[in-house]
Amino acid sequence: MKVLHVITSLDAGGAEGVLTRLCEADKSNDHHVVSLMDEGVYGEVLLKAGVGVSCLRLPKGAVSAKGLFKLWRIIRNTQPNVIQTWMYHADFLGGLVGRLAGVRNIVWGIRNTELEPGKSSRSAILVAKLCARLSSRIPARIAVCAEKAAIVHENLGYCREKMVLVPNGYDLSRFRPVSESGSALRRELGISDTSFLMGMVARFDPFKDHETLFAALDLLAAEGVDFQCLLVGTGMTSENTELNEALMKRSLSQRIVLAGRRSDIPEVMSALDLHVLSSSSEAFPNVLAEAMACGTPCVSTDVGDAALIVGDTGWIVPPGSPEQLANALRSAVLEYRLVEDWQNRKREARKRIEQRFSLEGMVANFNSLWSDILR
């Protein structure tokens with residue numbers, strides 16, 4: 001099959017990473033990716049993998065007649081069997097222009113669970129509502145990455161009959177426990193091998209709710225719990241004044257290591273003893289599965305499909321509750337001291353991802369979905 005993917009951007013993000021993994025791993029189909037914006041982080045990765053990449057260079061949250069005509073021309077020239085779109089703006093534009101170009105086999109992709117004024121952009125909320133009204137007409141199917149996402153979007157007005165669950169999958173040869181790499185990263189960042197190191201891999205964003213994490217860590221510090229916390233992601237740097245003010249307010253600066261955005265996430269996960277996710281909203285939080293694939297147990301808020309990913313290998317707490325997050329972190333620290341119990345938990349975390357969220361399984365699910373609409 002010729003599969004043309006249309007995605008809002010190729011910058012660092014969960015959907016962009018899933019798309020890239022899918023195109024790299026699926027050798028049975030011919031993939032071409034169109035970014036509504038620029039090459040971002042993943043454009044070069046896709047090109048090195050032999051995947052065609054086109055960029056419309058539309059302004060963020062805006063469209064142009066020139067850009068839409070370019071998309072129409074790419075579709076006409078490519079003549080894809082299937083158009084797979086990713087995220088609201090790409091669903092709307094890719095679906096609409098794809099239909100105008102004569103393609104009926106269109107699959108939308110839903111990647112998140114909540115739309116909140118003040119957290120989600122106004123354009124994302126507007127486009128999502130437009131997509132809900134068009135969902136019974138434009139796409140042949142709607143691929144959702146999480147059960148919670150299907151429920152939320154059905155309530156928004158999306159056509160439930162067209163939704164197909166396609167969970168994310170992970171390259172388990174890349175995401176695996178590598179203690180040597182984890183130790184090397186600790187040395188690079190000046191963190192002792194004997195320190196209990198928790199961490200959160202997430203950009204600085206209201207949805208990630210770092211404030212709840214900091215409040216929970218403050219409670220642990222006040223109890224004398226010995227720990228350090230590594231923060232990785234866009235905006236997690238000393239240049240971020242808002243972040244620094246939040247840390248200084250709670251006297252956490254000496255316990256926090258800010259590492260910014262990094263590409264060596266398997267090494268980061270291997271360096272951690274525990275991964276924490278304090279988000280107020282997610283669909284299918286990739287970082288949990290990536291941490292668990294590296295044998296790192298997780299504490300997470302109950303957002304999206306976090307509980308489905310973690311299962312009984314970690315701890316799930318309500319979002320927005322520093323006290324309950326602190327309780328879960330305290331439980332993890334106590335169990336960490338029980339070496340045999342902790343090693344069992346690490347093995348079970350890895351095993352759960354192997355059994356439920358492999359990259360091969362995700363590729364097979366997408367292939368089955370595309371083949372089904374062609375039939």
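Colleague: Which strands does helix α15 lie across?

Modeller: In this predicted model, helix α15 (residues 359-374) lies across β1 (2-7), β2 (30-35), β4 (82-86), β5, β6 and β7. Relative to β4, α15 runs at about 130°.

Colleague: In what order do the strands of that open sheet come?

Modeller: The open sheet has 7 strands in the order β3-β2-β1-β4-β5-β6-β7, and their pairing is parallel. At the edges stand β3 (52-55) and β7, each of which pairs on one side only. On average, neighbouring strands of this sheet are turned by 25° against each other, direction ignored.

Colleague: And β1, how many of its residues are buried?

Modeller: In β1, 5 of the 6 residues are buried, so the strand is largely enclosed by the rest of the structure. β1 pairs with β2 in the parallel sense over 6 bridges, and Val3 stands opposite His31 in β2. From β1 the chain crosses through helix α1 (residues 14-25) to β2, in a right-handed β-α-β crossover.

Colleague: How many bridges join β1 to β4?

Modeller: There are 5 bridges between β1 and β4, and these strands run parallel. Val6 stands opposite Thr85 in β4.

Colleague: Back to α15. At what angle does it pack with α1?

Modeller: The angle between α1 and α15 is about 85°, and their axes are 10 Å apart. Angles of 65 to 115 degrees count as roughly perpendicular, and α1 and α15 are therefore roughly perpendicular to each other.

Colleague: Which residues make the contact?

Modeller: From α1, the contact is made by Val18, Arg21, Leu22 and Ala25. From α15, Leu359, Met362, Val363, Phe366 and Trp370 take part.

Colleague: Another helix, then: which residues of α6 are buried?

Modeller: In α6 (residues 147-156), Ala149, Ala150 and His153 are buried. Seen down the axis of α6, its buried residues fall within an arc of 100°, so they line one face of the helix.

Colleague: Why do residues three or four places apart point the same way in an α-helix?

Modeller: An α-helix has 3.6 residues a turn, so residues at that spacing point the same way.

Colleague: What covers the buried residues of α6?

Modeller: The cover includes α4 (88-100), β5 (106-110), β6 (141-144) and β7 (163-165). Of these, β5 and β6 pair with each other in the parallel sense over 4 bridges, and Gly109 stands opposite Ala143 in β6.

Colleague: What follows α6?

Modeller: Gly157 follows α6, and its phi is positive, near 115°.

Colleague: Changing topic to β8: how many of its residues are buried?

Modeller: In strand β8 (residues 197-201), 5 of the 5 residues are buried, so the strand is largely enclosed by the rest of the structure. Both faces of β8 are covered. Leu197, Gly199 and Val201 are buried on one side, and Met198 and Met200 are buried on the other.

Colleague: Which strands are joined to β8 by bridges?

Modeller: Strand β9 (residues 228-232) is joined to β8 by 5 bridges, and the two run parallel. In that pairing, Val201 stands opposite Val232 in β9. Strand β11 (residues 274-277) is joined to β8 by 2 bridges and also runs parallel with it. There, His275 in β11 is the bridge partner of Gly199.

Colleague: Which helix makes a β-α-β unit with β8 and β9?

Modeller: Helix α8 (residues 210-222) does, and the β-α-β unit it makes with β8 and β9 is right-handed.

Terms used:
Residues numbered from 1 in each chain as written. Predicted model: local features only at pLDDT ≥ 70, side-chain atom pairs only at ≥ 80, totals over all residues. Heavy atoms only, no water. Buried < 20%, exposed > 50% of the residue type's maximum accessible area, 1.4 Å probe, protein only. Arc of directions from axis to C-beta. Contact = heavy atoms within 4.5 Å. Pairing = 2+ DSSP bridges. Axes fitted to C-alpha atoms, helices over the stretch in contact; angles between N-to-C directions. Right-handed = clockwise from strand over helix to strand, strands pointing away. Parallel < 35°, antiparallel > 145°, perpendicular 65-115°, else oblique.
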